Every structure is written in C-alpha cells, then in structure tokens.
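Good morning, and thank you for coming.

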Amino acid sequence: MEKATIRSRVIKTENIQWRSLKFLQDEDFKVWVDQGDEKLLASIIKYQFIDPFKVWEHEDVLYCLDGKHRYSDLEYAEAIDHNIPDLLPATFIDCKERKEAAELVFVYSSDYAKI
C-alpha cells in the first residue's frame with residue numbers, strides 16, 4: 001500500500017434541525033433485513049440518540065450522508081407519540097462536490113467487518 005497522509009475531514013459537530021435533512025440516495029437505496037427497523041427503533045428508545053448524523057452542507061442545505069434509517073425511525077417514533085427533540089447532533093463532513101458526498105454515502109453503507 002502506498003504511503004498516504006491522513007487528514008480529518010470533520011468540520012464540526014453541532015445540533016441541527018434534523019427534520020430538515022435532505023438525502024442524496026434513493027428511497028430504496030438500502031433495505032431493512034431481519035426486522036432491522038424494529039431493532040433500530042428499540043435500540044434508539046433504549047439507548048437514546050447516540051450516533052450523530054453525518055452531513056454535508058451545500059448552499060445552505062444539509063444533506064445526510066449517514067443516518068437515513070435513524071431519521072426514518074425517528075419520524076416513525078414521533079408518529080406513534082414518542083417525544084423527539086427538534087435538535088439532534090450532526091457531524092459536518094468536508095466534501096468538494098455532490099459526487100464526492102454521494103460516494104461517502106456508499107462508504108458509510110459499506111460493511112468492512114461483521115460481528
């Protein structure tokens with residue numbers, strides 16, 4: 001492997017209006033398996049919101065790079081009368097353009113290891 005310099009692309013982490021997130025991927029980009037939606041919702045209810053969304057900010061729009069399923073489950077939790085705060089944390093990632101941001105959606109969706 002060629003020697004590389006690793007740099008941080010994290011700009012900041014701050015609370016955002018999570019309901020205003022936009023998504024780069026299609027609605028059916030990833031599908032639930034083995035009741036994953038129910039398991040994720042149960043995990044969020046038990047452990048709370050512990051993993052910030054990863055976002056790219058472009059022209060005053062926040063695009064979600066990682067967290068679409070959490071977003072969907074939060075919407076569902078709210079619909080069944082759970083209380084969800086208006087602001088939740090997001091980690092802002094440096095991307096040069098939409099294509100690069102879309103590539104990161106794939107990176108965050110990749111499985112590099114299994115339990």
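**Core and aromatic cluster**

The largest nonpolar core has 17 residues, and those with the most contacts inside it are Ile16, Trp18, Leu21, Phe53, Val55, Leu74 and Leu88. A nonpolar core is a set of buried Ala, Val, Leu, Ile, Met, Phe, Trp, Tyr and Cys residues joined through side-chain atoms within 4.5 Å. Buried means under 20% relative accessible area, exposed over 50%, and partly exposed in between (1.4 Å probe, protein chains only).

Please note that this is a predicted model: local features need pLDDT of at least 70, side-chain atom pairs count only at pLDDT 80 or more, and totals for chains, interfaces and linings use all residues. Residues are numbered from 1 along each chain as its sequence is written, and side-chain values use heavy atoms, leaving out hydrogens and water.

Let us turn to the aromatic rings. The whole structure contains four aromatic pairs (ring centres of Phe, Tyr and Trp, the last by its six-membered ring, within 6.5 Å; planes under 30 degrees apart are stacked, over 60 edge-to-face, the rest tilted). Trp18 and Tyr71 form an edge-to-face pair, 5.5 Å centre to centre with 80° between the planes. Both Trp18 and Tyr71 are buried. Phe23 and Tyr71 also form an edge-to-face pair, at 4.9 Å and 70°. Phe23 counts as partly exposed because its relative accessibility is 21%, whereas Tyr71, at 10%, counts as buried. Trp18, Phe23 and Tyr71 form one aromatic cluster.

Finally, Lys68 lies over the face of Phe23, at 4.2 Å from the ring centre (NZ of Lys or CZ of Arg within 6 Å of the ring centre and within 35 degrees of the ring normal).
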